[in-house]
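Dear colleague,

I am handing over the structure we talked about, with the sequence alongside.

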Amino acid sequence: MKKFIIAALTSSAVLASSVIADEGMWQPHQLPSLKKELKAAGLKINPEELTDLTSFPMGAIVSLGGCSAAFLSPQGLVATNHHCVYGSIQFNSTADDNLIEKGFLAKSLNDELKAAPGSRVYVTEAVNKVTDKVIGGLSADLSGIERYKAIEKNRKNLIADCESEDGYRCRVSAFHGGLEYYLIKQMEIKDVRLVYAPAGSIGKYGGDIDNWMWPRHTGDFAFYRAYVSKDGKPVDYSEDNVPYKPKHFLKVNADGVKDGDFVMIAGYPGSTNRYRTSVEVQNQFEWYYPTFRKLVHDYIDTIEQNAPEGSDARVKYASTLASLNNVEKNWGSMIESYGKGDFLQRKTKLESSLANWLDTDKSMSKKHRDSINALNALIEEDQKSQETDMKLWAMGRDALSSTAGRLYRLALEKQKPDAEREPGYQERDMTRFEEGLKRFNRRWDEKVAKELYKYFVGQYATLPMDQRVKSFDKAMNIGKNFDADQFATTISSMFAKTKLTEQEIRLDWMTKSVEDFKKSNDPFIKLAVATYDEKYQRELKDKQRSGQFQQLRPKYMSAMIDYYDYLNKPIYADANSTLRITYGNVKGYSPKDGTYSVPFTTLEGLLAKHTGEEPFNSPEKQNKLIQDKMYGDYHDKAIDSVQVNYLTTVDITGGNSGSSTLNDEAEFVGLVFDGNYESIIGDWDYDPKLKRGIHVSSAYMLWVMEHIDGANNLIEEMSIIR
């Protein structure tokens, strides 16, 4: 028995040791503890310099609230991915003036365009640990809903104090499943303008076909500019506003990188699930992803069938389709990687090793065993309602019914003191709320919306009667046997009668009382009122369950941290949209036996893909320059061309899009914009042999700017190192 335990512990030590490679999305304050590893990888600056968020280089790193970015000039010029500004390109496009296709360049400040409503640049100024203030005084005897409400109240109080100074957005983020909490303070720059985006035939070259694939030849970059008032304060858009002057900005290395070079990524990765249990892993890959992927596929098909190429409707849904196609391909790869690999087996083996360790350490067993068992039981109970939850979610995505529901909820929440309102409905949220209402018509088409609503309500109606929303069925006259034709008639009548498709009407409803809603004859307002109480009861049940997870998940992570400490290994928290740094090296990989992918693509490789038809329709000007070998100052002798994209071993996920790639001296050498197909499972698992980040090189960015689009005004604005 002892031999088995020793063997198990040894194998788990090998598993955990992989965290030392290039794995990990590290909080800046953790980096000094990785000094040895960072220096071995090639970092030249002192890791201590990366812990100060207000000094160089971290002071140049910003968030766009979904993507990452960085300042590249003292005039508030922000570099990010083309797909991160896609919504703003779409917002400023029409079928007759399609900036998605032809691109956009502002030759002067006056030519810059307002970004899509809700666009933001967030500059992180402080991160403070507040665990004691969030959960320090909570009793272990609280019910799930009591715990949920107590944590929410404590978070809101901390946020309110943090936001007492105008111009800041704050949040309290949970780390290690809620074992730790940090208060994050960010300057919220509200006046954001579109400066430059190359044509779609560069910025989206390869389209969905090349998405997540290598080799890649995509110019996935674009520029925003941040504006503030003349006294430097974040304010709404005004012609009197001036470019924001950041305290720090990155210098741009025009040479890009070389094979083996050290690189690091500073950005805001969305979420990972590296510490989920084997039960959760199996369910996610064998039920959730396959089931949800079909739903996404149906969503895409419905849009494409009702919004023909070149139509105004297709322009309105361009951003939505891009996101959906990305998700479908992403999850397809995850399912494929899971089926081919041994992820579940390794996860099960790690849990077995953890259990064996607890058997050998009675004090640790007493500390952790019961909570681990309780978490596993809660997970299994939670999974019983997942099919119902998914179909209710899909049905609720209809833009008109969800807008009416949010407006009615706002009226109800406004009856409470601001501090007691649901997050999303407080005064701090009203600007975003209004901007969301303003975006509606730019991303909505009646025909498409009707067909989506009909399809997903039809799917919802397959649920057993005891799992359905009775008030919705009654309001929409849906019986046990769903009549698609009858429902289509109902929807057509509702669409014809509603006034919520008019922006001024939507905005006006923000000021209405609960009684105004109850008296309304608008069909979608009436639906929102009729279904609210039943949906709210479901919400309370969800909060009860969330509170239970908030109690047990941190205890599980405490066990994992103790175990990693026993193995003398560092541990990082799952990504949660907070500022992280990951590092690695420029390196190719072997996707399958007998094949090796080099870490660079070139202009010649780009031209070889050109067919003249989207998505491989490289601009003729670019093709001619490549044919004539007009490399300018960006020639890389090692590859005898201009480097376009390159691979690195950095550990990234969604949200890292737009993150600046920095070299060993913290100079800008490109933007990470994707991962390779084999690494998509990286949200859950890290394989150092296969996981690679895909970057657009600073050399290609500058080459396109100078030789294709004549963006010399922007090049002159930046600090270029050659």
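Cys 162 and Cys 170 are joined in a disulfide in this predicted model, with their sulfur atoms 2.0 Å apart. Because the torsion about the S-S bond of Cys 162 and Cys 170 is about -65°, this disulfide is left-handed.

A search of the whole structure turns up 2 disulfides, and another pairing is that of Cys 67 with Cys 84, where the S to S distance is 2.1 Å. The link between Cys 67 and Cys 84 is left-handed, with -80° about the S-S bond. This pair ties together distant parts of the chain, 17 residues apart, since Cys 67 lies in the loop between β1 (61-63) and β2 (68-71), while Cys 84 lies in the loop between β3 (77-80) and α3 (86-91). Cys 67 and Cys 84 are each buried. Counting the bonded cysteines along the chain, the disulfides follow the pattern 1-2, 3-4.

On confidence, the chain has a mean pLDDT of 94, and 97% of its residues reach 70 or more. Where pLDDT is low, the predicted coordinates should not be read in detail.

Note on methods
Residues numbered from 1 in each chain as written. Predicted model: local features only at pLDDT ≥ 70, side-chain atom pairs only at ≥ 80, totals over all residues. Heavy atoms only, no water. pLDDT = per-residue confidence, 0-100. Disulfide = S-S within 2.5 Å. Helix = DSSP H or I, 4+ residues; strand = E, 2+ residues; numbered from the N terminus. Buried < 20%, exposed > 50% of the residue type's maximum accessible area, 1.4 Å probe, protein only.
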